[in-house]
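Subject: Structure handover

Hello,

Here is the structure I said I would pass on. Please open it next to this message and follow along.

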Amino acid sequence: MKNERNKKAIRKILCVSLAAVMLGAYVGTTLPQYTGTGIVAQAANSERDFYTEENGDGTISITGYKGTSSNVVIPSYIFGEKVTVIHSMGDGAKYITSVTIPNSVTKIRGYAFIECTKLKSVTIPNSVTLIDVDTFRGCTELTSIKIPNSVTEIGSGAFSGCTGLKSVTIPNGVTYIGSGAFSDCTGLTSITIPNGVNRINYMTFRNCTGLTNITIPNSVTEIDSEAFLDCTGLKSVTIPDSVTEIGSGAFWGCTGLTSVTIPNSVTEIIQWTFEDCTGLTSIIIPDSVTNIDSSAFSGCENLTIYGKKNSYADKYANNNDIPFKAIVDVKATGVKLNTTRTWLGRGESYQLNATVSPSNATDKKITWTSSNNNIATVSNGKVTAKKDGTVTITAKTSNGKTATCKITVQPPAGKISLNKSTLYLGVGEKFQLTSSVQSGTASAKRGFSSSNNNICYTSGSGQLTAKKTGTAYITVKTFNGKTAQCKVVVQPPANKVNLNKSTLYLGVGEKFQLTSWVDSGTA
């Protein structure tokens with residue numbers, strides 16, 4: 001009987017304890033609360049704040065948000081399962097103002113944050129490789145976004161209609177930008193396309209009216225139809241020699257565009273390419289172009305075509321009552337490189353720049369070659385060191401003028417050191433820091449940085465300038481990540497300097513050590 005009472009007591013204690021645990025779990029989970037103005041802002045990191053679904057590989061996807069906070073922090077795990085994909089934040093996303101995505105996520109799928117009109121900031125981790133179709137479309141309050149280096153693909157319409165977006169950093173790893181990815185981003189003023197993208201797709205920058213300039217890399221071979229349609233603020237565009245095809249209406253309605261040079265690689269200008277570019281006053285068309293559609297320059301009433309006499313461009317201009325001016329073919333007389341000798345570490349890259357003379361040479365195209373691709377390769381002047389040895393890089397003009405650079409590839413530095421580890425300077429004083437690496441290693445590329453340029457400014461070459469009192473740390477870094485540091489203490493400049501003697505009498509051959517000192521606490 002006594003044992004039975006003890007068993008009942010134990011069961012009762014367990015039940016009470018379990019109820020307390022369950023109640024605690026319930027109390028600790030904040031359920032959505034709504035007011036007349038929307039969701040109440042509070043911390044949104046509870047597992048219960050998200051809808052999820054299984055991915056079939058032991059991980060899960062976010063399929064909706066039902067939390068109460070406008071500042072959302074997505075957890076890496078929800079009920080023990082790893083979050084790897086964001087499919088959608090659902091209707092609950094309409095009140096979100098900021099989102100932090102965990103580094104467990106590798107893909108942000110299509111429409112994930114579509115029409116999140118209050119979203120102002122997004123933190124995307126380096127684990128994400130894909131920003132899919134229409135991911136941030138219509139996020140009108142989003143003013144800037146940093147796309148991590150891990151991303152290789154930006155889907156169609158990914159940032160379409162983000163009218164508040166002013167700047168975007170697209171990392172070099174991105175090789176594909178989908179159709180309309182930045183269409184209707186009217187606040188966007190400039191953007192650099194990375195050197196891995198080979199096509200600017202349909203309507204990629206359509207109606208980006210604030211876009212004033214754009215850099216198209218040499219990797220691009222095609223500018224698709226209507227890529228820059230109605231970019232009315234676009235003033236200049238450089239089309240590289242790599243481009244072989246310009247699609248219909250590619251620059252249609254770019255009323256701010258005043259001049260364009262078509263590269264030698266293009267053979268035709270098709271329909272509506274520059275239609276209604278009312279500000280276009282000059283275009284240089286090479287003799288490689290053998291077909292121009294009658295509508296290519298429709299509405300360009302102030303246009304003058306420049307090209308070689310008796311070329312197709314000359315005939316086209318005459319047949320369409322467009323003024324034509326013949327360009328005298330100026331041959332290149334020489335080419336010069338920014339350096340003729342340098343040292344690189346294995347794996348290091350260096351950009352060679354070629355200058356063709358005279359400056360008004362008609363054809364400035366350069367062909368780059370390496371004497372040994374096993375030691376170093378070259379692409380558009382960018383040299384990449386492969387293995388130890390010496391190689392010659394040659395830049396050659398179309399008419400055979402050449403310039404060379406001798407490059408020695410050595411092992412990368414294992415250590416770097418500075419001539420000072422601690423330094424005291426007075427405000428306004430300058431000092432040259434120098435660095436060295438062990439003998440027999442590459443030394444061409446080092447970068448200096450300051451922990452506080454307001455206290456001590458440093459140029460890239462290690463020239464220091466003391467700006468105001470305080471302490472700053474100057475770091476030198478090799479291309480392969482080796483560092484050395486100097487502590488710089490900036491003190492007030494001396495108001496007075498003293499000597500241990502004001503008058504001194506010496507006999508012939510006699511010696512005396514003069515010493516000096518300044519005010520306490522000054523440099």
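How much space lies in the second largest pocket? The answer is about 170 Å³. Please keep in mind that this is a predicted model.

Pockets

The second largest pocket is lined by Asn172, Asn195, Asn218, Gln351, Ser379, Asn380 and Lys382. By type, the lining divides into 6 polar residues, 1 charged residue and no nonpolar ones.

The largest pocket has a volume of about 1,200 Å³. Its lining consists of 44 residues, and Asp241, Asn264, Asp363, Lys364 and Lys365 are the ones that lie nearest the centre. Sorted by type, the lining of the largest pocket has 20 nonpolar, 16 polar and 8 charged residues. Several strands supply at least two residues each to this lining: β18 (213–215), β20 (236–238), β22 (259–261), β31 (354–357), β32 (366–370) and β33 (376–379). As background, rolling a probe the size of a water molecule over the atoms shows where empty space is left.

Aromatic rings

The count of aromatic pairs comes to 11. One of them is formed by Phe159 and Phe182, whose rings are stacked, with 5.4 Å centre to centre and 5° between the planes. This pair links distant parts of the chain, 23 residues apart: Phe159 is in the loop between β13 (153–154) and β14 (167–169), and Phe182 is in the loop between β15 (176–177) and β16 (190–192).

One aromatic cluster is made up of Phe113, Phe136, Phe159, Phe182, Phe205, Phe228, Phe251, Phe274, Phe297 and Tyr316.

At Tyr51, the charged end of Lys66 sits over the ring, 4.7 Å from its centre. At Trp343, Arg341 lies over the face, at 4.4 Å from the ring centre.

Helix α2

Tyr316, from the cluster above, is also one of the buried residues of helix α2 (residues 312–319). The buried residues there are Ala313, Asp314, Tyr316 and Ala317. They cover an arc of only 165° around the axis, so they are on the same side of α2. Asn318 and Asn319, on the other side of α2, are exposed.

Backbone

Most residues other than glycine have a negative phi, and most peptide bonds are trans. Which residues does a cis peptide bond join here? The bond is between Ser357 and Pro358, with omega about -5°. Pro358 is placed in the loop between β31 and β32.

Glu115 is not a glycine but has a positive phi, near 60°. This residue lies in the loop between β9 (107–108) and β10 (121–123). Its relative accessible area is 42%, so Glu115 is partly exposed.

For Asn207, phi is near 60°, again a positive value in a residue other than glycine. Asn207 is found in the loop between β17 (199–200) and β18. With a relative accessibility of 25%, Asn207 counts as partly exposed.

Regards

Notes. Residues numbered from 1 in each chain as written. Predicted model: local features only at pLDDT ≥ 70, side-chain atom pairs only at ≥ 80, totals over all residues. Heavy atoms only, no water. 1 Å grid on protein atoms, 1.4 Å probe; cavity = no way out; pocket = protein on both sides within 12 Å on 5 of 7 lines; lining within 4 Å. Points joined across faces, edges and corners; volume = space filled by probe spheres on them. Helix = DSSP H or I, 4+ residues; strand = E, 2+ residues; numbered from the N terminus. Nonpolar A, V, L, I, M, F, W, Y, C, P; charged D, E, K, R; others polar. Phe/Tyr/Trp six-rings, centres within 6.5 Å; stacked < 30°, edge-to-face > 60°. Lys NZ or Arg CZ within 6 Å of the ring centre and 35° of its normal. Buried < 20%, exposed > 50% of the residue type's maximum accessible area, 1.4 Å probe, protein only. Arc of directions from axis to C-beta.
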